[in-house]
Amino acid sequence: MRFMILVKADKSSEAGVLPDKKILTEMGKFNEQLVKAGVMLAGEGLQPSSKGARVRFSGGKQTVIDGPFTEAKELIAGFWLWQVKSKEEAIEWLKRAPFGGGTEVEIRQVFEAEDFGAALTPELREQNERLRRQAAKKG
């Protein structure tokens, strides 16, 4: 099972305040544990929403809204993608993360091909697998 671990933004991350050496060192050690255990597939921090944009789709039109966005509690400051056996395992790993100070982190399971049942036809499944292989080669 794959899970996306979403680290919520706060006023500091939205202000562009970068983590200090102590936090970076602790997070580096935690990430090493995740990689050694074969859990971590990806993980990155995100720039503040002031450097981002949203695209709204409505009635066949697209509207671009430039950041910053006002509700920091609804924004994401970073993420991991983990491969684990269960949500409980993801929770146990996350409990080891070097967070404090009211940080909120969300765990969301990623859909797998089999979750889509008959709607994911053999042709669509093959297309999906082909695109994943192509994307992996570029990474």
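User: How are helices and strands defined and numbered here?
Analyst: This model is predicted. Helices are DSSP runs of at least four residues, and strands are runs of at least two. Both are numbered from the N terminus.

User: What pattern do the helices and strands of the protein chain follow along the sequence?
Analyst: The protein chain has 4 helices and 6 strands. Read along the sequence, their pattern is β-α-α-β-β-β-β-α-β-α.

User: What share of the residues in the protein chain is buried?
Analyst: Buried means under 20% relative accessible area. The protein chain has 139 residues. The share that counts as buried is 22%.

User: Is Arg 2 buried or exposed?
Analyst: Arg 2 lies in strand β1 (residues 2-8). Its relative accessibility is 12%. The cut-off for buried is under 20%, so Arg 2 counts as buried.

User: Which side chain meets Arg 2 in a salt bridge?
Analyst: The N to O distance of this pair is 2.9 Å. The partner sits in the loop between β6 (105-109) and α4, 110 residues from Arg 2. The partner is Glu 112.

User: How many residues apart in sequence are the parts that Lys 8 and Glu 106 tie together?
Analyst: Lys 8 forms a salt bridge with Glu 106, with the closest N and O atoms 3.3 Å apart. Lys 8 lies in strand β1 and Glu 106 in strand β6, so the pair ties together parts separated in sequence by 98 residues.

User: Where do Glu 92 and Lys 95 lie?
Analyst: Their side chains meet in a salt bridge, 3.3 Å from N to O. The two are 3 residues apart, about one turn of the helix. Both lie in helix α3 (residues 87-95).

User: Which residues do salt bridges that share partners join into one network?
Analyst: By the salt-bridge rule, the count comes to 7. Shared partners join some residues into one network. Its members are Lys 8, Glu 106 and Arg 108.

User: Which residues make the nonpolar surface patch of about 330 Å²?
Analyst: One member lies in strand β3 (residues 53-58). That member, Val 55, is partly exposed, with a relative accessible area of 46%. The patch is made by Val 55, Phe 57 and Val 64.

User: Is the peptide bond from Gly 67 to Pro 68 cis or trans?
Analyst: Most peptide bonds are trans. Pro 68 lies in the loop between β4 (61-66) and β5 (76-83). The bond from Gly 67 to Pro 68 has omega near 10° and is cis.

How values were computed
Residues are numbered from 1 along each chain as its sequence is written. This is a predicted model: local features need pLDDT of at least 70, side-chain atom pairs count only at pLDDT 80 or more; totals for chains, interfaces and linings use all residues. Side-chain values use heavy atoms; hydrogens and water are left out. Buried means under 20% relative accessible area, exposed over 50%, partly exposed in between (1.4 Å probe, protein chains only). Patches are made of residues with over 30% relative accessible area and no salt bridge: like charges are joined within 9 Å, nonpolar side chains (Val, Leu, Ile, Met, Phe, Trp, Tyr) within 5 Å. Accessible areas come from the Shrake-Rupley method with a 1.4 Å probe; for residues, only the protein chains shown count as cover. A salt bridge is a side-chain nitrogen of Lys or Arg within 4 Å of a carboxyl oxygen of Asp or Glu.
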